[in-house]
Amino acid sequence: WPICDCLIAFYSSGYPLQKVKTYVALRKPFLVNELEPQHLLHDRTKVYERLEMYGIPIPNYALVNREYPYQELDYFVEHEDFVEILGKRFQKPFVEKPIDGDNHSIMIYYPSSAGGGMKELFRKVGNRSSEFHPEVRRVRRESSYIYEEFMPTGGTDVKVYTVGPDYAHAEARKSPVVDGVVMRNPDGKEVRYPVLLTPDEKQMARDVCNAFQQAVCGFDLLRFKGRSYVCDVNGWSFVKNSHKYYDDAACLLRKIILDAKAPHLSSTIPPNLPWKVNEPAQPSDGLTRQGSGIIGTFGQSEELRCVIAIIRHGDRTPKQKVKLKVTEEKLLNLMLKYNGGNTKAETKLKSAVQLQDLLDATRLLVPRASSGRESDSDAEDMEHADKLHQVKAVLEEGGHFSGIYRKAQLKPLKWVKASKPDGGGEFEHPVEALMVLKYGGVLTHAGRKQAEELGRYFRNNMYPGEGTGLLRLHSTYRHDLKIYSSDEGRVQMSAAAFAKGLLDLEGQLTPILVSLVSKESSMLDGLEDARPEMKVAKARLHDIIISEGKSVIRNGNSGSPWMVDGAGLPANASQLLPLLVQLTKKITSQVKLLAENEDEKLATSKYTVLPPYDQAKALGKTTIDAARIAAGLPCGSEGFLLMHARWKKLERDLYNERKDRYDVTQIPDIYDSCKYDLVHNGHLNLEGLPELFKVAQLLADGVIPNEYGINPKQKLKIGSKVCGPAVFFQ
């Protein structure tokens, strides 16, 4: 090879790196990028070790090292929603990376609470950079892998490119973890936008450059919760499409080389390229802060600082719950198993393993549910057996536990004193508990479509004429987009579908949910603070509806109808209640016949009428399940048994015949069920359903606005307690 003063050499497939090392040892040229540290870049473990050595922030990680494929390791344990490595637990979502730096098949595993599944990231193929696999839930075992915490970054990645330790250029692109669609410009190149690095990130760029002794170096940054982390170092890398970067790189490389080989010339050469000296200054690329130019009332230029949107979830299935007192030993033991043996503590069952245990116990109890219980009457035993049967049906719904729509609570009610097994005294053993199973409230296909279209409408109307302007702002971090959701499943999925439309994304909702939506259960904490006032409001509302002479109970100014108690209620509300009960019973009796018929079919067909409804695969659907409709079954995952249980509960809770008492708080639930069945189960042709809907709507239009206060003063008091945490959320 010819003698040279300066050598640029870096690893790539087929490149004779060993020969280059021999040449360098012989001729001693100046190296822009040192050769020895380059071998580290092909082992992700060594990359992380070097970053840690220099104090550069990296994700929390652990190593699983196998000597041969599918080797079982004592220190590695896989559970449904987490893996444990040497006692270190990684909850889903987590990232799985091959140790081999040249293997770009990276997996992200999602929790069952978000629908489960796995997303595979890979080198760009056409316009794809990732693929979602909803059915994959188990991690790989073919090789050695790094497992690390998944960091939601708002749907963007930051790529940083250094030219020497004192220069760093950064660009943002749409993260492949969102929908896997590569955004390209008319020339076919991936769309990227320059971003400004913080002082800490600039120091990180300098440290990466020095740690690996690579003057020209690229690395990936994750911005998460106000901090930045390096998740990959690529070595020799150049920006794909930036004239300014190449001008800067040319000047910097010239100076680096001259400083090393001809320092006497370095100081005499101007810092700019010769053909750039007389060019006029170019306008800013738009990264500086600029106002909207709107003149305000006081003649000052105003700037739009933020847009806040509070959005309700889309169309959902009716929310439901089953309440029953249980004395069965299997259920009481289950409660103690999951509350750490605390005989006084309540237990919440949410995970698939916990719900499977509950289902197993319930299956054993259902056949003999009416025997062995002390009760006042056979009717109570029958009701208890029916409720256990309903619990079993709810838990069996869907074929497997996925999604975020079922949870059970077990709260001890009665105890007896018993001797401890070791003879060391007595303890209180629970003999009765209250079991509450909550289910339903699932976002429907229509709800997902509504939320997605609302996101698209919001983008096109809040940012008119900008085309991809909002997407560009989001990618450059100038648009600080944050999406918060309560921990209710329908709300999370609505938020994900809204984000899909807002940011023009594709694919299923699970990756979008995990990447872009922050779940904040504290958003609903205000409800607990407001419950006493809400209880008072509902009691007063009941009195107003039941009373024939409502004007006697009301207060306020008759000239301002909105100021009176219970404004909006129909004048004949008390007369409508018996009709509501009558029509509800009519629907319940029809659904009961359908449920009995379904039971017979299932008994003879061994559950092969239709395959189980897969809620996980349905999470991203915006069309109806045509197969179920054609088979004459209810829409979604609800069978006739659960549909009957839904209507039977509404009938029973609305009117207690023995006490001759109405519960007006059930009116919104009846209205919800009517609306749902009219929209989604119209093919069942339930007689009297349209009439019931009209009556329920008349009452609900008055009840719903008054549930959170029956007059403006009470509404303000309750509203301030409920909305306070949401309004001031950061």
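The crossing of helix H8 (residues 378–396) and helix H18 (640–654) is left-handed, a term used when the near helix is turned anticlockwise from the far one by less than a right angle (clockwise would be right-handed). Helices here are DSSP runs of H or I with at least four residues, strands are E runs of at least two, and both are numbered from the N terminus. This is a predicted model, in which local features need pLDDT of at least 70 and side-chain atom pairs count only at pLDDT 80 or more, while totals for chains, interfaces and linings use all residues. Residues are numbered from 1 along each chain as its sequence is written, and side-chain values use heavy atoms, leaving out hydrogens and water.

The axes of H8 and H18 come within 10 Å and cross at roughly 135°, which makes H8 oblique to H18. Axes are lines fitted to C-alpha atoms, for helices over the stretch in contact, and angles run from 0 to 180 degrees between N-to-C directions. Under 35 degrees counts as roughly parallel, over 145 as roughly antiparallel, 65 to 115 as roughly perpendicular, and the rest as oblique. Contact means heavy atoms within 4.5 Å. Among the residues that meet are Glu383, Lys387 and His389 in H8 and Leu641, Ala645 and Arg652 in H18.

H8 also packs with helix H7 (residues 352–365), at about 140° and with the axes 9 Å apart. That crossing is left-handed too. Leu355, Leu358 and Thr362 of H7 take part in the contact, as do Leu388, Val391 and Leu395 of H8, to name some of them.

Let's step back to the whole protein, which has 21 helices and 26 strands. Of its 730 residues, 47% are buried; that means under 20% relative accessible area, with exposed over 50% and partly exposed in between (1.4 Å probe, protein chains only).

Which residues touch the most other members of the largest nonpolar core? They are Leu580 and Trp647, in a core of 42 residues. Such a core is a set of buried Ala, Val, Leu, Ile, Met, Phe, Trp, Tyr and Cys residues joined through side-chain atoms within 4.5 Å. Helix H15 (573–605) gives the largest share, 9 residues. Leaving aside neighbours within four places in sequence, Leu580 is in contact with several residues, including Leu654, Ile667, Val695 and Leu699.

Helix H4 (residues 243–261) has 19 residues and should span 27 Å at 1.5 Å a residue, which agrees with its end C-alpha atoms being 27 Å apart. The expected span is 1.5 Å times one less than the number of residues. Tyr245, Ala249, Cys251, Leu253 and Leu258 are the buried residues of H4, and they pack against strands S12 (156–163), S13 (168–174) and S15 (216–224) and helix H5 (263–266).

Glu707 sits in the loop between helix H20 and helix H21 (712–727) and is buried, with a relative accessible area of 14%. Glu707 and Pro668 are 39 residues apart in sequence, yet 9.8 Å apart in space, C-alpha to C-alpha.

Most residues other than glycine have a negative phi, and most peptide bonds are trans. Against that background, the peptide bond from Lys92 to Pro93 is cis, with omega near 5°.

| Residue | Phi | Relative accessibility |
|---|---|---|
| Lys28 | about 55° | 59%, exposed |
| Lys225 | near 50° | 73%, exposed |

Lys28 lies in the loop between helix H1 (17–27) and strand S2 (30–31), and Lys225 in the loop between S15 and strand S16 (227–235).
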